[in-house]
Amino acid sequence: MIRFTVKILPLLLSALLLGGCAQQRQGPEQWRFAIEEARGSVQDAYAQRFKELIEERTQGAVEVKVYPYGTVGTSDQISELLYSGTLQFAMSSPGHLGKMIPEVQVLLLHYLFPADQEVTQAVLASDKLKSAFDKLYAEKGFKLLSIYSEGWQVWTTNHPINEPSDFEGVKFRVMTSPLLLAAYEAYGASSTPLPFGEVYSALQLKMIDGQVNPVFAIQEMSFYEVCQYLIFADQARFLTTAVANREFYEKLSPERRALVDEVLAQLQTEIFDIQKKYNQDRLAKIKKARPDVEIVRLTKEQRMAFKEASIPVRKVYLELAGHRGQKILDLVKELVAEHSRPEPGDGES
Ligand code: 6CS
């Protein structure tokens with residue numbers, strides 16, 4: 001379990017890493033990849049597989065060092081280190097990155113992507129979406145590598161939540177993007193932004209009443225120890241982005257860049273199965289460790305009430321992301337329609 005505040009570490013690490021660069025290194029070229037999650041997480045599985053494939057296919061000429069959450073700071077600090085080039089690769093979740101790139105918060109909107117995981121997968125992997133996002137990432141010195149899902153975002157609370165009004169007065173932790181504050185305020189909650197590493201103690205000290213994360217994270221961060229309910233409302237999946245420092249990526253030789261792209265394409269499919277398995281296995285672990293925790297799956301009617309309450313938040317998104325946000329939102333809707341399977345009977349005479 002991880003309980004820490006990360007304030008000084010990134011500065012120290014940055015100095016150490018940069019110090020290391022200044023010296024003449026012998027041996028393989030080093031690529032540094034920071035993730036926003038602990039060892040054993042979905043992001044770790046992605047980064048470890050990236051490491052394995054790159055090292056194998058460069059026959060050891062490149063070594064990928066993976067830095068789990070806590071070793072280089074919070075998500076915001078990871079973004080800074082990626083921007084400065086201290087890191088070459090990182091995971092950058094819209095739930096935090098949205099402060100810097102408001103348009104990316106489209107990936108946080110509730111009930112925008114369909115429940116069908118394969119449709120969502122196809123939309124996230126589409127070149128159209130990736131190139132629209134990459135233009136925005138380029139303005140910040142980032143290269144977007146991949147957009148993928150880590151599974152359903154699940155609410156952990158100490159009170160049952162069956163309808164939006166149950167959120168009234170609930171101090172609910174969200175990631176730090178402004179859209180997420182609005183998303184839960186729309187249900188009546190008192191949204192509280194906090195870095196990931198501070199959530200467990202905030203729950204334990206009752207500074208917050210609940211939080212939202214995928215099941216694997218609820219298990220590995222031990223949030224299940226300090227809650228009574230796990231609530232599946234299918235409002236959103238945890239969508240994240242793998243990112244590189246743009247200058248680093250553009251300066252790669254054509255062969256190396258092709259290799260990185262090939263590995264990313266392979267991972268886009270692999271991570272889909274990995275997250276599914278991790279979320280299933282970790283739910284079983286939670287049930288075993290805390291058989292008294294109630295697992296609630298909202299009914300269709302209940303989800304529809306949340307969906308209805310979430311719609312005004314799209315206006316907030318447009319206020320935050322402007323006309324470029326509108327274009328991205330339209331593109332997502334278009335891609336969802338394009339990839340959705342027709343309902344039985346649709347289009348048949
Ligand atoms: O809730 C958060 O802040 C974090 N949750 C996950 C599953 N990954 C990274 C993110 O920072």
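Start with Lys171. Its bridge partner in strand β7 is Ser190. This is a predicted model, where local features need pLDDT of at least 70, side-chain atom pairs count only at pLDDT 80 or more, and totals for chains, interfaces and linings use all residues. Residues are numbered from 1 along each chain as its sequence is written, and side-chain values use heavy atoms, with hydrogens and water left out.

Strand β6 covers residues 171-174, and β7 covers residues 190-193. They pair in the parallel sense, over four bridges. Pairing here takes at least two DSSP bridges between two strands. Strands (E, at least two residues) and helices (H or I, at least four) are DSSP runs, numbered from the N terminus.

What do β6, helix α7 and β7 make? A right-handed β-α-β unit, with α7 at residues 178-185. Right-handed means that, with the strands pointing away from the viewer, the path from the first strand over the helix to the second runs clockwise.

On its other pairing, β6 meets strand β8, residues 210-213, in the parallel sense over two bridges. Arg173 has Gln211 as its bridge partner in β8. Contact means heavy atoms within 4.5 Å.

Next, the cores. A nonpolar core is a set of buried Ala, Val, Leu, Ile, Met, Phe, Trp, Tyr and Cys residues joined through side-chain atoms within 4.5 Å. Buried is under 20% relative accessible area, exposed over 50%, partly exposed in between (1.4 Å probe, protein chains only). The largest core has 62 residues. Val106, Phe133, Trp155, Phe167 and Tyr184 have the most contacts inside it. Helix α13, residues 313-339, gives the most to this core: nine residues. Apart from it lies another core of 50 residues, including Ala242 and Ile286.

Which residues does Phe133 contact, leaving aside neighbours within four places in sequence? Val104, Val106, Leu107, Leu144, Ile147 and Ile328.
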